[in-house]
Amino acid sequence: MTLMQKFLGAAATLAISATAALAEPAIIFDLGGKFDKSFNQAAFEGATRWAEETGGSFREIELQSEAQREQALRRFAEAGNNPIVMAGFAFASALDEVARDFPDTKFVIIDMVVDQPNVRSVVFNEHEGSYIVGVAAAKASKTGTVGFIGGMDIPLIRKFACGYVQGVKATNPDATVIQNMTGTTPAAWNDPVKGAELTKAQIAKGADVIYAAAGGTGVGVLQAAADAGVYSIGVDSNQNYLHPGSVLTSMLKRVDVAVYNAFKDGPDLETGFNVMGLANGGLDYALDEHNAGIFTDDIKAAVEDAKAKIISGEIQVHDYMSDNSCPVE
Amino acid sequence: MDFLQFLLTLDSTIRLSVVLLLACLAGLFSERAGVVDIGLEGKMLISAFVAAAVAYESGSAWLGVLAGSAASVVFAMIHGVASIIYRGDQIISGVALNFLASGLTVVIGHAIYKKGGQTPTLTGDARFTEVKLPFADAVADVPVIGPIYSELISGHTPLVYVAFAIVPLVWWVLYRTRFGLRLRAVGENPASVDTAGVSVVAMRFRALIITGILCGMAGAYLSTAQSAFFGKEMTAGRGYIALAALIFANWRPVQAMGATLLFGLLEAISNLYPNIDVFGLFSIPVQFTQALPYILTVVILAGFIGRAVPPRSVGVPYVKER
């Protein structure tokens, strides 16, 4: 057998294994990495839960650079994976193109809207979830100053910030909210050292409850808050366990549910617009044994009250992304 | 801004400068000896990882620093073998080390701890805690001097004091010892050092060992003092900023301290006061403050203000004439 034949044989084997993987779902994690203890990890947990319950398997890739976005999408689509879930707003422009080229493949994008017939766009009303943890922060704060640390400075993170400020101000109109963004590049999702430094700066200015919506950077925020003996609020995944007695609560964004549902629906999933909020359990706050001691009944009552009013529509939380501005500072 | 706020800004400046200072001094040794070191970032990263892992396993932060420095020295030696002995391109070798560190840390970290490259959180003696200098509480109420002593000077991690103590030491070694004279000569005119009967290769290797140790301390500071775990890519470009500071400081140790403190101050200001309002006329956006270190370096390099004069033989492998 000549060398060429060997190569052809190998290629043929590869092709067979590729078709064998047909209709296996796939997930693409964003630059924060699937172990960011936050957004991507929630997505990974959803996928894992599906795999455990159904015994199925899925393909995954963790992006290392911006340039890989479209490449990874095309690779999965060409290999016949269906549906393909991507965790992160930043996939929008890449998906817009790839979705056109693979009309028979179903795509699910989380945190962004892509208007294509074969795409399901899952968006969360983060402003609602941030509002209720804002209520908790204002209730728990003794100094009347609370902090917010965002990851990359993008409208989505400002949406978190804006909802949080509204919740704080509604509970304590005199409260001050100090806001910081870690950076303007994707590296801002993964700079725990800077997150810790920003936290120390906010604590120095009097903040005693700090809400981190910053992916991997948030781990540094929670650490610095625990070191200084002040409260912090986690995001996306339940982060209460990281520093019991210091993490006041976590704003749960059920990315895992979004991924799980997408995998469960399989190739026939319904496309279109999918909004997850407080009302349908897509968002919530975390209460478990790690924060039971500090999350007092008083705080809980106020948070539950705000939650009920948002669900009933009595409280309308302003969405930053609707007009790119926030009514309160 | 009141006095206390001012002190807090300076306090934050010191914390932020230390990594840059150590890395900058590390770069100073290697570049003064004629070896360009763009691999500061990679050496810091591998050291940050090894320091966190060893500190976690042994429960001692100091052991972590030692192990981190050792790992960083190993990287420096790889750089040395490639660029001094085999006369490879020093930039390429440095960049290769950066990539190697970025990949190795995550792969090994994930293999051991299964947390995607993160190490577990360090607690107790496994991390550096803040040292309270004697009488810090007693003098805190004395006006002006009290807060300066108790807020600004006291209450940092041990590595901070070590870093600032190293600056005069580096100056002394570089300008007042025979070793320092030869080191500088190797970077300026290696042929003359060779004529004097001193081995250029050995001098450059010695310089790289010091570079490795200092870089190792910088990395260990990141993972065991400034935060309490290793996370992938946690150096976040600080090695490159240190390199910029080195150019800004004209490859001199005391100026290096000045440059890194200035860069630290700019970062502290951008953290504490994101948007600075100038007399209500206009506001300086945070991005400008963050970019200022790079802008200043480019201005210096372009020769508008002052002039950056690198060691003459930097980046040139030494070939002995036969």
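# Reading a predicted two-chain model

User: Where do I start with chain A? How many helices and strands are in it?

Analyst: Chain A has eleven helices and twelve strands. Keep in mind that this is a predicted model.

User: How do I read the overall dimensions? What radius of gyration does chain A have, and what would a compact globule have?

Analyst: A compact globule of 329 residues would have a radius of gyration near 20 Å; chain A has 21 Å, so the two agree. Along the principal axes, the C-alpha atoms of chain A fill roughly 80 × 40 × 35 Å.

User: What share of the residues in chain A is buried?

Analyst: Buried residues are 56% of the 329 in chain A. Look at contact range too. Of the contacts in chain A with a separation of 6 or more, 69% join residues 24 or more positions apart.

User: How do I describe two packed helices?

Analyst: Two packed helices are described by the angle between their axes and the distance between the axes. Take α7(A) and α8(A). Their axes come within 7 Å and cross at roughly 40°. That makes α7(A) oblique to α8(A). The crossing of α7(A) past α8(A) is right-handed.

User: Which residues of α7(A) and α8(A) meet?

Analyst: On α7(A), they include Pro192(A), Val193(A), Lys194(A) and Ile203(A). On α8(A), they include Thr217(A), Val221(A), Gln223(A) and Ala228(A). By class, the contact of α7(A) with α8(A) has nine nonpolar, six polar and two charged residues.

User: Let me try chain B. At what angle do the axes of α3 and α9 of chain B cross?

Analyst: Helix α3 (residues 61–85) and helix α9 (residues 200–226) of chain B cross at roughly 140°, with axes that come within 7 Å. So α3(B) is oblique to α9(B). The crossing of α3(B) and α9(B) is right-handed. The contact of α3(B) with α9(B) has 17 nonpolar, eleven polar and one charged residue.

User: What is phi of Arg87(B), and is Arg87(B) buried or exposed?

Analyst: Phi of Arg87(B) is near 55°, a positive value in a residue other than glycine. Arg87(B) lies in the loop between α3 and α4 (90–113) of chain B. With 12 other C-beta atoms within 10 Å, Arg87(B) is exposed.

User: Where does Asn250(B) lie?

Analyst: Asn250(B) is in the loop between α10 (238–248) and α11 (253–272) of chain B. Phi of Asn250(B) is near 60°, a positive value in a residue other than glycine. Asn250(B) counts as partly exposed because it has 15 C-beta neighbours inside 10 Å.

Technical notes: Residues numbered from 1 in each chain as written. Chains lettered and ligands numbered in written order. Predicted model: local features only at pLDDT ≥ 70, side-chain atom pairs only at ≥ 80, totals over all residues. Helix = DSSP H or I, 4+ residues; strand = E, 2+ residues; numbered from the N terminus. Rg over C-alpha atoms; globule rule 2.2 N^0.38 Å. Buried ≥ 20, exposed ≤ 12 C-beta atoms within 10 Å, placed from the backbone. Contact = placed C-beta atoms within 7 Å. Axes fitted to C-alpha atoms, helices over the stretch in contact; angles between N-to-C directions. Parallel < 35°, antiparallel > 145°, perpendicular 65-115°, else oblique. Left-handed = near helix turned anticlockwise from the far one by under 90°. Nonpolar A, V, L, I, M, F, W, Y, C, P; charged D, E, K, R; others polar.
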